[in-house]
Amino acid sequence: VVVGALRKGETNPPSDPADLLPADLVANSNGKRAIVLGNDSTVIGDVEAVGQVELGRERMKIDGEVRSGSDPVELPKLDLQTYDPKANGNSFFDLQDGNVAKIVGSARASGDLTFNKPLEISDGLLYVDGDLTLRDGIKGNGLVVVTGDLTITGGNTDLTNPTELGVLSGGRARVHDGGVLRGLIYAEKGLEAARITIIGSLLTGNAATGISLDEVNVYHQE
């Protein structure tokens, strides 16, 4: 795992991690293994947990402090229903299945939804009252809100693509082999990410469920 922050004005990660600014890894779990960092991990900042921090023995680089037994950090808890266009009385396209390739404006699905082909969002909102599965990735700019579990596999690998997405899940989020995703990922009941670069922020709303990262680069960007 690599955790760092981009300099102001930068949009792409530098080739040398030494050019990154500090970004912190924080966990509010009070368990004995609140944060576990394996070998070959780099954090350009602090590693902090209410519980215990466990570090690998080989090729570790922590530029800041490692602190166990810290005070909890206040994290945002989002009310996903505030984004529901139906509840807000806003107009929306009623999605019955995942056969659309592009969403412009607001779209809403009642129940689970699966996209087998790439999905593009253009200044839009996709609200799914259920589980959402994206089997060939997502790109574009806008907001994806899922009241249940979210699964994203595959997707955009072009760093020059101006993808800016807010991805909010009320359940558990799984993001695998996704290339590059810019924006915010918020998962109320935990996050699993593997083989992906995330430029933005990762948040989970429940300390007990946690975040699992495997071969993941996280570059914080405001």
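Two strands pair if DSSP finds at least two bridges between them. Strands (E, at least two residues) and helices (H or I, at least four) are DSSP runs, numbered from the N terminus. This is a predicted model: local features need pLDDT of at least 70, side-chain atom pairs count only at pLDDT 80 or more, and totals for chains, interfaces and linings use all residues. Residues are numbered from 1 along each chain as its sequence is written, and side-chain values use heavy atoms, without hydrogens or water.

**View 1. Parallel pairing of β9, β10 and β12.** Strand β10 covers residues 102-110 and runs parallel to β9, joined by two bridges. F93 has A107 of β10 as its bridge partner. Eight bridges join β10 to β12 (residues 119-129), again in parallel. S110 is bridged to D129 in β12.

**View 2. L95 in the largest nonpolar core.** A nonpolar core is a set of buried Ala, Val, Leu, Ile, Met, Phe, Trp, Tyr and Cys residues joined through side-chain atoms within 4.5 Å. Buried means under 20% relative accessible area, exposed over 50%, partly exposed in between (1.4 Å probe, protein chains only). This core has 31 residues; L95, F115, L126, L132, I138 and I185 touch the most other members. Beyond neighbours within four places in sequence, L95 contacts (heavy atoms within 4.5 Å) residues including V100, I103, L113 and F115. A second, separate core of twelve residues includes V1, A34, I35 and A49.

**View 3. The loop at S91.** S91 sits between α1 (85-88) and β9 (93-94). S91 is exposed, because its relative accessible area is 67%. S106 is 15 residues away in sequence, yet 7.2 Å away in space, C-alpha to C-alpha.
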